[in-house]
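I opened a new notebook page for this model.

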Amino acid sequence: MFERFTKDARAVVKGAVVQAEEAGARSVAAEHLLLALLDREGSRASFALTALGLGDRRDAVRAALERARRRGGLTQAETEALAGLGIDVSGIVARVEEAHGVGALSGERRGGGRWTGHRPFEREAKDVLTGALRAATGRRDRRIGDEHILLALTARPGVPAEVLADHGVTHESVTRVLHGGGEARAS
């Protein structure tokens with residue numbers, strides 16, 4: 001499948017590995033793919049993100065991803081559902097972090113040195129890449145670009161899609177910007 005990736009899509013995948021390394025994570029998650037997309041410039045996905053107003057709000061997206069990571073990867077919707085059952089996720093996070101340090105629920109290594117081994121892709125990240133393939137074949141595109149990765153991130157339920165949607169970037173809005181519908185189009 002990777003032989004069909006464009007230069008930009010390959011850069012996103014490599015950037016996701018770097019994001020995971022910098023975070024000290026043992027594996028590459030879907031959020032690392034999103035963070036790598038946010039770092040890109042001059043690509044179809046970066047055009048779409050900028051056209052949808054995310055260009056100057058990238059730090060807010062990073063902060064929202066960090067908050068979700070500190071909640072152990074729970075979406076805000078999951079946190080609210082647990083609150084409806086009487087479970088205070090914020091309180092649990094605060095108590096765990098008080099005892100074990102900030103980010104203890106994030107699943108990242110803290111203090112024990114850097115993880116230097118191979119970082120496998122988590123199931124959700126693999127699903128995003130498979131979704132990118134589906135997005136490309138659905139449009140009869142011969143190559144898989146970073147825009148297909150963005151479309152897959154917005155289509156798959158989870159933290160990245162929720163954070164993007166909270167900032168006005170949905171599957172529908174990305175599709176409209178990339179493929180027309182009365183707005184600017186990425187060429």
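**Entry 1: E162.** I began with E162 and located it in helix α9. The model is predicted, which I keep in mind for every value below. Is E162 buried or exposed? E162 has a relative accessibility of 18%, so it counts as buried, the cut-off being under 20%. I then listed its contacts, leaving aside neighbours within four places in sequence, and found R71, T75, Q76 and A77.

**Entry 2: the chain as a whole.** I stepped back to the secondary structure. The protein chain has ten helices and zero strands. Read from the N terminus, the order of elements is therefore α-α-α-α-α-α-α-α-α-α. The chain has 187 residues, and 43% of them count as buried.

**Entry 3: helix α8.** Which residues of α8 are buried? I found D146, E147, H148, I149, L150, L151, A152, L153 and T154. The helix covers residues 146-155, and nine of its ten residues are buried, so the rest of the structure largely encloses it. I next asked what the buried residues of α8 pack against. The partners are α1 (7-23), α2 (30-39), α3 (44-51), α7 (123-138), α9 (159-166) and α10 (171-179).

**Entry 4: the nonpolar core.** In soluble globular proteins, nonpolar side chains tend to be buried together. I looked up the largest nonpolar core here, and it has 43 residues. Within this core, L33, I149, L150 and L153 have the most contacts. Two or more residues each come from α1, α2, α3, α4 (58-70), α7, α8, α9 and α10. Which element gives the most to this core? It is α2, with seven residues.

**Entry 5: salt bridges.** Side chains of opposite charge can pair when their charged atoms come close. I used a limit of within 4 Å between a side-chain nitrogen of Lys or Arg and a carboxyl oxygen of Asp or Glu. The count comes to eight salt bridges.

**Entry 6: D39 and R62.** D39 forms a salt bridge with R62, and their closest N and O atoms are 2.3 Å apart. D39 lies in helix α2 and R62 in helix α4, so this pair ties together parts 23 residues apart in sequence. I checked the accessibility of each partner. D39 is partly exposed, with a relative accessible area of 43%. R62 is partly exposed too, with a relative accessible area of 27%.

**Entry 7: E66 and R69.** The salt bridge between E66 and R69 has its closest N and O atoms 2.2 Å apart. Both residues lie in helix α4, three residues apart, about one turn of the helix. An α-helix has 3.6 residues a turn, so residues three or four places apart point the same way. Is R69 buried or partly exposed? R69 counts as buried, at 11% relative accessibility. E66 is partly exposed, with a relative accessible area of 28%.

**Entry 8: D127 and R156.** D127 forms a salt bridge with R156, with the closest N and O atoms 3.5 Å apart. The pair links distant parts of the chain, since D127 is in helix α7 and R156 in the loop between α8 and α9, 29 residues apart. D127 counts as partly exposed, at 27% relative accessibility. R156 counts as partly exposed, at 27% relative accessibility.

Entry 9: I looked for salt bridges that share partners, and they join E31, E66 and R69 into one network. Where is E31 found? E31 is in helix α2. At 12% relative accessibility, E31 counts as buried. Setting aside neighbours within four places in sequence, I listed the contacts of E31 as L65, R69 and P160.

Methods:
Residues numbered from 1 in each chain as written. Predicted model: local features only at pLDDT ≥ 70, side-chain atom pairs only at ≥ 80, totals over all residues. Heavy atoms only, no water. Helix = DSSP H or I, 4+ residues; strand = E, 2+ residues; numbered from the N terminus. Buried < 20%, exposed > 50% of the residue type's maximum accessible area, 1.4 Å probe, protein only. Contact = heavy atoms within 4.5 Å. Core = buried A, V, L, I, M, F, W, Y, C linked by side-chain atoms within 4.5 Å.
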